[in-house]
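Student: I have a structure to read and would like to understand the terms used for it. Could we go through them together?

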Amino acid sequence: MRILPGSNPALNLEAFAVQSPASAPPPINALYLRDGLYDSMTRKDVAATFAAFKGQTATNRLALFFHGGLVDKASGQQSAANEFRAYEDCAFPLFFIWESGFGEALAHHLPLIFAETIFGRVLSHAMDIISSKLTPAPSVAALTPATETVAAPPLVITSEDIDAFIHAVQSDPLVQNEAVAIARSSQDVNAALAQGVARNSMVLSPRTLLSPEIVGSVRGAFLQASPAASLSEPALESFPFSVGGALQAALSIAKAAVPVILNTIKRFALGRDHGLPCTIVEEILRALYLANFGSAIWEEMKKETEDAFGPDSSRFGGTAVVEEICLLIKNKPATTITLVGHSTGGVYIGNFLQHVDQALTMQGDTTTRFDIVLLAPANTDDFFAQQYVRSRIRGIRMFLMKDEVEQQDHLLTKDVGPADPSILGNVYPRSLLYLVSGICEYFEGQGGDGVHRMDGFDMPILGMDRFYKNAATFSPADYPNVGFVRTEFPSSPGDPAFARVLSPTDNTTAPLGFRSTALKHGNFPGDQLTIQSLRECFQNGL
């Protein structure tokens, strides 16, 4: 499934309140990057942009826009064209237009994974086990004196549960048939490596996106149990079906899937779940598919936002912008600069702040500060606390969805709520940020038993209301950075320069600059009231 211009569900161009007839912003207002390097432009183009800003007298406000990482180039251009039209009379915009492979991988891989037989059958069997644990037993209230309370049974997975789950998956004929088909169509991992295929993009069987380790295990189990194991390697696809081979191949999948039920129950017990079926979906992706989808791709996308600030401004566009800003502030000190980031644009801004702070400090400037507007930022609370240089920030206004609204924002679709007809919406009825929190970020306490041991299963994300609301689960004592973020962004700000705006707002009472009606992650840049709020921020500050 290819993301087509105009239909990118991670950035809903059709929902833009302001539509530009142009398909791209003026070249003087755009910085095109790929892997941090200039894309069909040069250092001279960046200098020309800043010369144009210094030469105009309409505004003293320069606005740098950083879009999210799911946006392809054509969608990024159209979004920038729309935003240019929305803001050109109240700021001088410069759009960082970059694209990563994460959006393509997400849009292409997830529907295929969700449609796989193995995924569907493991999900069904895990749901049977987990649902029975979460469903209350028949009430005993009638047999209990009114003065007594009945404690809820602890959420645990027993060895009997594990055995039942393994048996259910192994004996499932659909799993057996598919496991055999995968084994027959697979290649050896060493052969793939010899062909120069990278592990994080390795697909050992054309039938599946299962991780190479899982496919290798299925292949080995089938070969070991097959009566035809003495046949030469090229004849693998012609191996006859055998009950023993099918059972062993299916067993290898069943064993690999055991962490799905173990981790799901742990997460529910600790309050770190994302509801059913989303928590199980995340755990299946983690246990069986993570090598071909998940944190490796997400980390590579984030790395692109850092790569833009490489050491040579003749090659790296972010560094060129930092250099030009340092010159601009020297020559035009009345300039006010606003940074606007949507989704992974929040990561971009954190990296920008680190590098511009170093450059300004080197020229003796310790006073320059930036206004920041964040739209559903996808960076973690930890990243915010570590990367956002507080001494360089005049104020931040952050727009995000109320958690009950975000739970109806189905992944990469235009629909919301239970009527969503898409396979993505039906299988994973949560937002992109829920998925990022659930499987894409590394966790701090890997291998330990402390409070952070489940962070990679439910990582606190700056732009998610969930982590502001759940004070009991994410206490400041255990999560100092979550506590810091809550303090920085109160929902009813005493200091409006640091404010958290929960969409949809009550627009009869919300002041100008604090309004939004976005109901989906991808709708914030084009939401009419959010645009009005940004215009207020540009015209009157935070």
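Predicted model: local features only at pLDDT ≥ 70, side-chain atom pairs only at ≥ 80, totals over all residues.

Student: What makes the span of helix α10 close to the expected one?

Tutor: Helices (H or I, at least four residues) and strands (E, at least two) are DSSP runs numbered from the N terminus, and the expected span of a helix is 1.5 Å times one less than its number of residues. Helix α10, residues 258-270, has 13 residues and an expected span of 18 Å, and it reaches 19 Å from its first C-alpha to its last, which is close to that value. Just after α10, glycine 271 takes a positive phi of about 75°.

Student: Why is glutamate 178 called buried?

Tutor: Buried means under 20% relative accessible area, exposed means over 50%, and partly exposed lies in between, with a 1.4 Å probe and protein chains only. Glutamate 178, found in helix α6, has 12% relative accessibility and therefore counts as buried. Contact means heavy atoms within 4.5 Å, and glutamate 178 touches Thr117, Ile118 and Arg207, not counting residues up to four places away in sequence.

Student: Why does glycine 541 count as buried?

Tutor: Glycine 541, in the segment after α21, has 16% relative accessibility, so it counts as buried. Leaving aside its neighbours within four places in sequence, glycine 541 is in contact with Arg61, Asp371 and Glu536.

Student: What makes a set of residues a nonpolar core?

Tutor: A nonpolar core is a set of buried Ala, Val, Leu, Ile, Met, Phe, Trp, Tyr and Cys residues joined through side-chain atoms within 4.5 Å. The largest nonpolar core has 144 residues, and Leu64 and Phe352 are among those with the most contacts inside it. Leucine 64 touches residues including Leu94, Val321, Leu339 and Phe352, not counting residues up to four places away in sequence.

Student: How do you know that a space is a cavity?

Tutor: On a 1 Å grid over the protein atoms alone, a cavity is a set of points where a 1.4 Å probe fits but cannot get out, and lining residues have an atom within 4 Å of a point. The structure holds four cavities of 30 Å³ or more, and about 120 Å³ of space lies in the largest cavity. The largest cavity is lined by 16 residues, of which Phe65, Phe66, His67, Ser79 and Glu83 lie nearest its centre. Helix α2 gives the most to this lining, with four residues.

Student: What makes the phi of serine 40 and of serine 343 worth a remark?

Tutor: Most residues other than glycine have a negative phi, and most peptide bonds are trans. Serine 40 has a positive phi of about 65° although it is not a glycine, and the phi of serine 343 is near 60°, also a positive value in a residue other than glycine. Serine 40 has a relative accessible area of 74% and is therefore exposed, whereas serine 343, with 5%, is buried.

Student: Which peptide bond joins leucine 276 and proline 277?

Tutor: A cis peptide bond joins them, with omega about 0°, and proline 277 is found in the loop between α10 and α11. The bond from serine 503 to proline 504 is cis, with omega near 0°.

Key:
Residues numbered from 1 in each chain as written. Heavy atoms only, no water. 1 Å grid on protein atoms, 1.4 Å probe; cavity = no way out; pocket = protein on both sides within 12 Å on 5 of 7 lines; lining within 4 Å. Points joined across faces, edges and corners; volume = space filled by probe spheres on them.
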